[in-house]
There are 4 protein chains.
Amino acid sequence: MTKSKFWDAIIVGGGVIGSSIAYYMSARGMKVVLIDRDRFGQQASIAAAGMLAAQAEINEAGPFFDLARTSRALFPPLARDLQALTGMDIGFTRKGLLRVGITSADVEALQQTIAFQHSVGEQAEWLSTEQVIQREPEISRELRGAMLVEGDGQVDAPVLSIAYAKAAVALGADIKEFTEVRSLLIEHGRIAGVITSEEVLRSDRVIIASGIWSGALLEQVRLNCPIYPVKGECFSVLTDKPLISSTIFSHGCYLVPKKGGRIIVGATSKLHSYDRKVTLGGISTLLEAAKKLVPSIVNAEWEKAWSGLRPQTLDGLPYLGEHETYKGLYVAAGHYRNGILLSPITGKCVADWAEGKSKKHLSLEPYRIHRHQHISQEKVGFPT
Amino acid sequence: MTKSKFWDAIIVGGGVIGSSIAYYMSARGMKVVLIDRDRFGQQASIAAAGMLAAQAEINEAGPFFDLARTSRALFPPLARDLQALTGMDIGFTRKGLLRVGITSADVEALQQTIAFQHSVGEQAEWLSTEQVIQREPEISRELRGAMLVEGDGQVDAPVLSIAYAKAAVALGADIKEFTEVRSLLIEHGRIAGVITSEEVLRSDRVIIASGIWSGALLEQVRLNCPIYPVKGECFSVLTDKPLISSTIFSHGCYLVPKKGGRIIVGATSKLHSYDRKVTLGGISTLLEAAKKLVPSIVNAEWEKAWSGLRPQTLDGLPYLGEHETYKGLYVAAGHYRNGILLSPITGKCVADWAEGKSKKHLSLEPYRIHRHQHISQEKVGFPT
Amino acid sequence: MTKSKFWDAIIVGGGVIGSSIAYYMSARGMKVVLIDRDRFGQQASIAAAGMLAAQAEINEAGPFFDLARTSRALFPPLARDLQALTGMDIGFTRKGLLRVGITSADVEALQQTIAFQHSVGEQAEWLSTEQVIQREPEISRELRGAMLVEGDGQVDAPVLSIAYAKAAVALGADIKEFTEVRSLLIEHGRIAGVITSEEVLRSDRVIIASGIWSGALLEQVRLNCPIYPVKGECFSVLTDKPLISSTIFSHGCYLVPKKGGRIIVGATSKLHSYDRKVTLGGISTLLEAAKKLVPSIVNAEWEKAWSGLRPQTLDGLPYLGEHETYKGLYVAAGHYRNGILLSPITGKCVADWAEGKSKKHLSLEPYRIHRHQHISQEKVGFPT
Amino acid sequence: MTKSKFWDAIIVGGGVIGSSIAYYMSARGMKVVLIDRDRFGQQASIAAAGMLAAQAEINEAGPFFDLARTSRALFPPLARDLQALTGMDIGFTRKGLLRVGITSADVEALQQTIAFQHSVGEQAEWLSTEQVIQREPEISRELRGAMLVEGDGQVDAPVLSIAYAKAAVALGADIKEFTEVRSLLIEHGRIAGVITSEEVLRSDRVIIASGIWSGALLEQVRLNCPIYPVKGECFSVLTDKPLISSTIFSHGCYLVPKKGGRIIVGATSKLHSYDRKVTLGGISTLLEAAKKLVPSIVNAEWEKAWSGLRPQTLDGLPYLGEHETYKGLYVAAGHYRNGILLSPITGKCVADWAEGKSKKHLSLEPYRIHRHQHISQEKVGFPT
């Protein structure tokens, strides 16, 4: 009844994180199987606008900043490699990101961010209102300058997610869509595989990368990694001629210009919302914010609205690491809004672990998967 | 090469007007062919919210009011007949329409409308703010009463349009979708049929019901019926439980409750706009107006947005009648926002004409198709 | 953190079965909450063609036949009640079903079925090839007569499923879409509610109606109700004029005429297939079978293809009943291809149980939920 | 009322031909306006599989072959230029095309084609059945070798069409979607612009590139260029792992592998069919042919079906050239199934003409737009 086959790793979750792990492991010659309970790349991964905001959103030194920068640097070769393996263009571009100041408090904060960026050797530049308008003629006149980050690029998030999986397949990975992992298979105190809705799959390495759905499996090994959903709503518009050339970002609203004149406007943050319904209120909030940033966007053509569930954690950092007791069991989940950006470094780390390499130059201590082990379930249960 | 077949009538235009004519003529035993350059029921007909606002929008006596009331009265038997012939439920209901007063000028105008309705023997009622709220608990508190019209119902406009055509087919009508009428066939000074992209179709009766696309054919017979497009944008939302029970209408924005918890919010009016793109600005306008009428609509789920091109005329009245010179050539076009409401009476009139009956009790003089014959083309060409 | 509220019943699963239960219980004045991990009515319920084949597929007396006939008889009042409550037309019609004989073995089997139907007092009639052709002129000439069942009707399956839920809401039911039930709440040896992804819901009555997803919850109470998926693929076509008037059925392929000229062609049966992908092979099989039954269907317009996962059991009978140990816990799942047909009687039974009524005239013994308790998991695990 | 503006050219028709012309003219610094009665790239252009079959379908020397080869050679730089201007990847690849022999007559014909290709200095190679299978392991065993053409590549046809238009816009072109050209504006015996549904547009150069809709405008200048529609139906499937790597072609059925595991299967040819409905018969024909070429395609996932109207001419050659009497009026239409392949050379030619350059090395005499001037309309009217 139960079939057995031995893989180098079983990866549970076919979002951008699991697919990246499948790709990087396959690229090192390991034989993996990637599993999802639905189709690959349908949840948080499909919903992202694809900003690679390593600098624009971070204003303090620390391991997260290093991780983000390291990951961002992996995109140029990644784009080439994925195109060669799959023919898919992940739309990697670096047209810059403008973080706009509207209040005087904004201006102060942005200038501090610029100072921080310079202190760590990154580029970031203050543009006066005139300079901003020269660069983006359609931008609102109601602003007080902006921080320009040339280094922060973007990708086509849904394509990236699928391209990872397709590239893994091209390199020999097996895939199983519409397959639910019902439990982990533990033998002699260590991981031995998973039990799916259809069969038993065997491997001495299992990676849980199921975003907000990771919890049930982790409970089985008494690991407390609270990950809860934060719904993000977005919409897109189409323009005949590109309205903006850089990503424009302010007060939680971003306008990301995509190829062919499309602009993605995102994103709301609705705590602990499992449902994926886009609300009229969500569209209203985004629409008003977008009009304030680029008034002429009202003439653009409505395309569509959608949402995604981002996997948030208690401290905003992902869980990355191996289980202390059940050797061979890894977690890579909880990337919140940074899943696209952090996907290459996450895939690379897991592939390194599998090869027994350690990341000397990059401390993963802050991402320890046991770090919330002693917080009571009651307390973390249902944040509001 | 050219095929010939003799129909009792050739109907050019498969929108709600042409389809209604096909239905009423078929129901009288005439053999007709209904032609459209695309699919049936795709233009203004598919885009309407389906309000049958015979009373709510009219505040003066006159032939248009009579036409509207007469047509409204045809819906109950029509709904039954179409269901019997096609199995399709046109969603005819009479849950009333609330026209809401917000300013004191609104209140005055609405009360005059009520007085007018009473003077012509129609029901219409003034509700105080408290009464309105009792009837519609989700309605905004920022209003000053409303006019309630119980008699004005609604239908599912896209279904109505298709049901007419399907019922006509069930009664023996022929149909030709994706067929463009390139010119009228005139022989010995009277109509003899049409020439399509594929063949010659013969009949001594041709009815032009092509909405904003009627112009080219009419030019051929030197008839000046200026019809220009007015784009109307709409969107719909879904609610778990019905939020409102009546249609709520004010200042150009209406909220029409549909079965299953759907609400249609409409509609903008963009003069002389042939393109069917829904603009972000259009959605923004409707959304703000809807929030003002029913604040809790922000919690509803976004469904979709669409638009339609309404065929407007210089005096706001449709063209209905026979060509003075080319006998057998009829026009039924230019119904603007009243196409759904007026479709039964229009179909019935054309069927009466074909049977040589006259409408004694209903003057069609105001709809004469030659009434704008002497207005210079330059003047009417491109209204703005 | 955990909210508590007391319902008369918590219904887990918003497919046609769970929604029917919610409707019937609400109609009796009970306050229920209906929960689904996704949207309501999206799985087996949305995929069905809606045949109410109480007679056409059954040729032996027994409790299942009684159940099917009893349930079929509930549709006429149900259609009226749901329309009144929700405005939705479930498309209930009784235009008959033709089960076509192609081989001589078919003919023999069909005539035995007719004899059986007569023996239990049901109508069923043998039509000669000529009679069949007279009734359905587009049917293939390659047949040897057919069994006509006038009593077997049909409904619009996706509408039925949604209408149940909307009617329940209209009657006061609460609903929770996008809510995953993570475990049952057991207190003092009896059911006390469920724990969802978001909160604890309390009731002393929980009904599990989750089709193929029922297993995980039942494991918690050590109940072995093996339910496995059987994928059914379908497609639909559109015709200008109705091609057929009855449902035509033979050798696993049925053509169900729907309103507006649509025909649904179904359905393949792919054992133990959790994925919902429609295969080219599935379409090919159905298409060839449909062409053999109604050759002129090749001229029909392709509309779309889809699939659903039917919840199959070891003996083909649903599980209906209360848990022997954990009082208040009910199962109503595993209706395979009969979910639409059996939904009214299932809803009614559960409502009866909740009111302490017993179904004297209808033995539910064959549906006992403990009947497969002693079959080893290994044996039932993964049927092929 | 009438606005006037002077463009270097007005291009009527926003399909792949008109858009290519707009791009090449804009790239030479000319100011053009591109007009379509609907959205750009929606008709034949969106429906094509994108094969660049310059060699595989041609087996005689002549101007058409030269045109095709010249055009094919323009794709590599075109792909780069369009990506740079718009960010869009037109999916240009050269993975080869296998034209499969099934009968002995096929084999003979293919070997003659190879001999012809060699005689004109082109590459083409005969592969034995074993070699074919080695290259394409999923191919049917029921074949007798194949012709391999390495030089024939493919593009993503819908993307190409849009990318031309977007690139033209990036270079300064104006665009007008949803704008119907009602007539040509002729002044003093030469072209002076066009009259649209909204305004008069002025230019002393007008290019008609409206495919099957070109006729009405050409009638105005008494030009007889019979162009009639040939409907082509296609469908696509998705595979987890790429099933084939080359385009596989035989007896009117081709399987074109696209990125991400998609395969497009095309195409039927339905003469004089204006309607765009995909028939069940069309799918059946393609499906059976595809199964014969690659049996395991039955396991692929159905994606969707669509159709396009290809503009066919009496001799199978497009119309390319200037009107003899009305100077400044050009026609570029009737490219049948070669519109994607011939789009670059067509755009380049028209741009050359506008600059007064002649194409010395490429005779356009066979494409003369007056070549069917003396064929009676009756005769060419409605080919069957």
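## Two helices in chain B

α1(B) passes α7(B) in a left-handed crossing. A crossing is left-handed if the near helix is turned anticlockwise from the far one by less than a right angle, and right-handed if clockwise. Helix α1 covers residues 16-27 of chain B, and helix α7 covers residues 157-170 of chain B. They pack at an angle of about 30°, with their axes 8 Å apart. Axes are lines fitted to C-alpha atoms, for helices over the stretch in contact, and angles run from 0 to 180 degrees between N-to-C directions. Helices (H or I, at least four residues) and strands (E, at least two) are DSSP runs, numbered from the N terminus.

Residues of α1(B), among them B:Val16, B:Ala22 and B:Tyr23, meet residues of α7(B), including B:Leu160, B:Tyr164 and B:Ala168. Contact here means that C-beta atoms, placed from the backbone, lie within 7 Å. By class, the contact of α1(B) with α7(B) has eight nonpolar, four polar and no charged residues. Ala, Val, Leu, Ile, Met, Phe, Trp, Tyr, Cys and Pro count as nonpolar, Asp, Glu, Lys and Arg as charged, and the others, Gly among them, as polar.

## About the model

The model is predicted: local features need pLDDT of at least 70, side-chain atom pairs count only at pLDDT 80 or more, and totals for chains, interfaces and linings use all residues. Residues are numbered from 1 along each chain as its sequence is written, while chains are lettered from A and ligands numbered from 1 in the order in which they are written.

## Chains C and D

Chain C and chain D each give 17 residues to the contact. On chain C, α9 (280-293) and β17 (301-313) each supply at least two residues. The largest share, six residues, comes from α9(C). The side of chain C that touches chain D has ten nonpolar, four polar and three charged residues. The copies meet through the same surface, because 100% of the interface residues of chain C are also interface residues in chain D.

## Domains of chain A

Chain A is assigned domain 1 (6-50 + 158-226 + 315-380) and domain 2 (94-153 + 228-313). These bounds come from an automatic or database domain assignment. The domain centres, taken over C-alpha atoms, are 30 Å apart.

In chain A, 20 residues of domain 1 are in contact with 17 residues of domain 2.

Technical notes: Two residues are in contact if their C-beta atoms, placed from the backbone, lie within 7 Å.
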